[in-house]
Amino acid sequence: MGLLKLLKTEKIKGKIRLYFICGLRLLKDYNEKHQLVTELTKTLTTGQALLIHQVVKMKQDKNEKERKYVSLFNQYAELLSKQLVKEQGKEKVFQIYQNHSIKELNILSEKLIKNGVEFIVLATKEENKLIISQNGNLAIHCGKMVKELAGKLNGKGGGNENKAQCSFPNGQTLEQFFLYLKNTF
């Protein structure tokens with residue numbers, strides 16, 4: 001049989017279940033893990049002992065960069081919302097973006113609502129998604145609108161009375177739904 005490694009134990013109905021690996025499978029598993037650790041130490045230019053520390057540091061750096069990005073995007077969204085209000089007015093805003101995520105459009109939508117816009121439709125071709133928002137003063141239920149109308153173009157989504165989101169299989173159906181909303185409202 002050769003080498004044996006106990007992977008984990010589990011208590012089931014008063015008994016203990018053992019998970020283990022042995023023989024050639026254990027040797028193969030060890031070689032794969034050794035190769036992985038070697039590649040990681042080369043890539044991260046660190047020793048095995050500091051590998052976990054380096055990964056934790058990278059994760060912290062990533063989180064810090066994301067916090068800074070969100071802060072900067074909030075500032076950008078405030079400026080962008082003022083520009084959209086200036087160009088399209090406070091009654092309704094319709095805009096399609098190429099390179100914004102739906103998360104970014106959610107932030108922009110909130111800024112537009114705070115700046116007094118009544119009805120908003122924002123779309124992103126990057127993700128083929130669309131968000132509809134309203135300030136709560138209109139007799140429109142955004143979630144029902146998405147459920148009833150987007151489904152006709154294979155769109156999926158939902159939401160509540162004031163905000164809804166939907167996704168489409170491709171950019172063409174996204175544009176069709178966007179234009180339908182723009183021409184209807």
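Author: What follows is a set of questions about labels, each answered by setting a value against its cut-off. Please keep in mind that this is a predicted model.

Reader: Why is S133 called buried?

Author: The relative accessible area of S133 is 1%, and buried means under 20%, so S133 is called buried. This serine lies in strand β5, which covers residues 129-134.

Reader: How do you know that S133 and S109 make a polar contact?

Author: Their side chains are joined at 2.5 Å, and the cut-off for the pair of N or O atoms is 3.5 Å, so the pair is counted as a polar contact.

Reader: What makes D29 and K33 a salt bridge?

Author: The closest N and O atoms of D29 and K33 are 3.0 Å apart, and a salt bridge requires a side-chain nitrogen of Lys or Arg within 4 Å of a carboxyl oxygen of Asp or Glu, so the pair qualifies. Both residues lie in helix α1 (residues 23-43), 4 residues apart, which is about one turn of the helix.

Reader: Why is D29 called buried, and why is K33 called partly exposed?

Author: D29 has 19% relative accessibility, and the limit for buried is under 20%, so D29 counts as buried. K33, at 48%, falls between that limit and the 50% over which a residue is exposed, and therefore K33 counts as partly exposed.

Reader: How do you know that D61 and K57 form a salt bridge, and where do they lie?

Author: Their closest N and O atoms are 3.9 Å apart, which is within the 4 Å cut-off, so this pair also qualifies. D61 and K57 are separated by about one helical turn because they are 4 residues apart in helix α2 (residues 51-88). D61 is partly exposed at 37%, and K57 is partly exposed at 41%.

Reader: What makes L4 part of a nonpolar surface patch?

Author: L4, L6, I16, L18 and F20 together make a nonpolar patch of about 520 Å², and patches are made of residues with over 30% relative accessible area and no salt bridge, nonpolar side chains being joined within 5 Å. L4 is found in strand β1, while β2 supplies the largest share of the patch, 3 residues.

Terms used
Residues numbered from 1 in each chain as written. Predicted model: local features only at pLDDT ≥ 70, side-chain atom pairs only at ≥ 80, totals over all residues. Heavy atoms only, no water. Patch = residues over 30% accessible without salt bridge, like charges linked within 9 Å, V, L, I, M, F, W, Y side chains within 5 Å. Areas by Shrake-Rupley, 256 points an atom, 1.4 Å probe, with all protein chains shown as cover. Helix = DSSP H or I, 4+ residues; strand = E, 2+ residues; numbered from the N terminus. Buried < 20%, exposed > 50% of the residue type's maximum accessible area, 1.4 Å probe, protein only. Polar contact = N/O pair within 3.5 Å; in protein donor to acceptor, adjacent residues only side chain to side chain.
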